[in-house]
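Dear colleague,

I am handing over the structure we spoke of, and my notes on it follow below. Please read them with the model open beside you.

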Amino acid sequence: ADGTGCVRLKPDWPKGYTRKGLAEYFLQKYDDAIETYKAGLKLAPEDAALKEGLKKASDAKYEVPGAGGRGAGGLFGAFDPSALAAASLRNPKIKEYMQDKELMQKLQMVMSVGQSSEALQSQMLMQVMQQDPRIMEVIAAMQGMDISGMSQEEGDQPAPPKPTPKKEPKKEEPPPDTRTPEQKEADEYKTKGNDLYKKKQFKEALEMYDKAIEKEPNDLTYYNNKCAVWIEMGSEHYDEVLECLRDKINRRYEINSANPGGASFEKVAKVYSRMASVHEKRKEFDLAIEMYNKSLTEDNSRFTRNALRELERAKEKHERESYVDPAKAEEHREKGNDLFKEKRYAEAKQEYDEAIRRNPQDAKLYSNRAAALTKLLAYPDALKDLDECLKLDPSFVKAYSRKGAAHFFMKEYHKALQAYDHGLQLDPENQECKQGKEQVMAKISETSRSKDVDEEQLRHAMADPEIQQILHDPQINMFLKQMQESPAEAQRAMAADAKLQEAVSKLMAAGIIRTG
């Protein structure tokens, strides 16, 4: 709560993220801790405490040896005086804390409670932290983390700079108008043409721009605006636009000599951008990209950079859509099916790859490729394809049966059950889902009675956010404690609570609760 409050009240203070991340680390919310430390490092990339915290949280998440976290004796392992003594040699502040008998008593009390109940230990830690935040530093030091700078309070920070008084802006005199009478008249015609263009009165707008050109023939702006009208009038004018603008680009130095600034870099850049828009409308993407790049060499404007990025995305989309051919996709799918039957799974996958490129909206293609990936033992990739398949067609039962199989092979039995159940909701008589579910139930029963712990199954389960959420539920923690102290009462409580039954079933399927 203390760290969360720091971040909420002062989101630009890196130390607050250290405190919040450490609290989440101690509560084994490793994903939350990782995100908190990353957020802090964006503000202070070189902060040693944040770097150390991120490493520890990442190591703990993936159970790297020596990462701290869960161990014998509760959330933080057993009380280790030697580790604390070693930490005091590295950090004088820890040595000073060790001389505080009251603080050490609180520490030993929190550590000893973990031997009987992690839930109670977590609750007690939060209460003690409210009274004395130093305990967090001591536990961290015992875990091998150096966060000596974390306890700095907000009052120790340098005072924010005082806002400088606003100066009254000086009134600048408008620059002198050096235009000739003809140029002033031309600009008036241009303004009228712009208004008519906005009203889509294109014929009248052209007349105004022609009058502007007649008054001042050496200014690219009037020609460029006239070409904008032609573009709006239809594709039959595109050649005329390109011819006009190419001629003006070729005469830029002549125009600039007659009228300095009439063909400035900025005006030439706009001409190139106008030419790019014509090529884009014609789907001549490479020529359009070339014109935008030429525009940027004249004037590196944000508008042109954004237009170029949009054009490159449009080109990719056009090429992708132009490649779509459902008939050819079906040909590649059939070839893939034949190769799959011959057990040439890698070659089958290549055919399915091409089929998907030819028709990315066909759900069954992703299901077929997932089958090949499953045979190649690429289960995570298979699951991605099956998720995409179900996104396109949520009623595709075979995708659920294949998803259940992939989870089964990954020993994620609780997820396999969910997949098969989804399939059976759509088709209660589907044999693949029925047989798959029976196989999973038999495997769960076998593993729950076995004395051997399947580390791979547990690793997958503990990486599942849903399982983590269940394990951090106070009601579940109370139930697990009750299972050890009074199994009969725990069974009665579970029989009366459907939510508890569902949670326990998932924990059993995940290998967390065992009956053997």
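Predicted model: local features only at pLDDT ≥ 70, side-chain atom pairs only at ≥ 80, totals over all residues.

Helix H2 itself covers residues 14-26, and its 13 residues reach 19 Å from the first C-alpha to the last, which is close to the 18 Å expected at 1.5 Å a residue. After H2 comes Gln28, whose phi is positive, near 65°.

Which residues of H2 meet helix H9? Those on the H2 side are Arg19, Leu22, Ala23 and Phe26, and they meet Met136, Ile139 and Ala140 in H9. By class, the residues of this contact of H2 with H9 divide into six nonpolar, no polar and one charged. H9 spans residues 134-142, and its axis comes within 11 Å of the axis of H2, the two crossing at roughly 65°; the crossing is left-handed.

**Helices H10 and H11**

Helix H10 (residues 181-198) packs against helix H11 (residues 202-215) at an angle of about 165°, and their axes are 8 Å apart. Because angles over 145 degrees are classed in this way, H10 is roughly antiparallel to H11. The crossing of H10 and H11 is left-handed. Among the residues that make the contact are Glu182, Glu185, Tyr189, Lys190 and Tyr197 of H10, and Phe202, Glu204, Met208, Tyr209 and Lys215 of H11. Taken by class, the contact of H10 with H11 has nine nonpolar, two polar and seven charged residues.

For H20 and helix H22 (residues 397-409), the packing angle is about 20° and the axes are 10 Å apart. H20 and H22 are therefore roughly parallel to each other, and their crossing is left-handed. From H20 the contact takes Ser367, Asn368, Ala371 and Thr374, and from H22 it takes Lys398, Ala399, Arg402 and Phe409. The classes in the contact of H20 with H22 are three nonpolar, three polar and two charged residues.

Arg402, which belongs to helix H22, deserves a separate look. Its relative accessibility is 23%, and Arg402 therefore counts as partly exposed. With its neighbours within four places in sequence left aside, Arg402 is in contact with Ser367, Asn368, Ala371 and Leu386. Arg402 and Gly423, which are 21 residues apart in sequence, are 9.9 Å apart in space, C-alpha to C-alpha.

Not counting residues up to four places away in sequence, Asn359 touches Pro326, Ala329 and Leu365.

Most residues other than glycine have a negative phi. Lys343, found in the loop between helix H18 (326-341) and H19, is a residue other than glycine with a positive phi, near 65°. Leu377, found in the loop between H20 and helix H21 (379-392), likewise is not a glycine and has a positive phi of about 65°. Lys343 is exposed, with a relative accessible area of 62%, and Leu377 counts as exposed at 60% relative accessibility.

**The chain as a whole**

To set these details in context, the secondary structure of the chain comes to 29 helices and zero strands. Of the 516 residues in the chain, buried residues make up 43%. Among the contacts in the chain with a separation of 6 or more, 56% are accounted for by residues 24 or more positions apart.

How values were computed
Residues numbered from 1 in each chain as written. Heavy atoms only, no water. Helix = DSSP H or I, 4+ residues; strand = E, 2+ residues; numbered from the N terminus. Expected span 1.5 Å × (residues − 1). Axes fitted to C-alpha atoms, helices over the stretch in contact; angles between N-to-C directions. Left-handed = near helix turned anticlockwise from the far one by under 90°. Contact = heavy atoms within 4.5 Å. Nonpolar A, V, L, I, M, F, W, Y, C, P; charged D, E, K, R; others polar. Parallel < 35°, antiparallel > 145°, perpendicular 65-115°, else oblique. Buried < 20%, exposed > 50% of the residue type's maximum accessible area, 1.4 Å probe, protein only.
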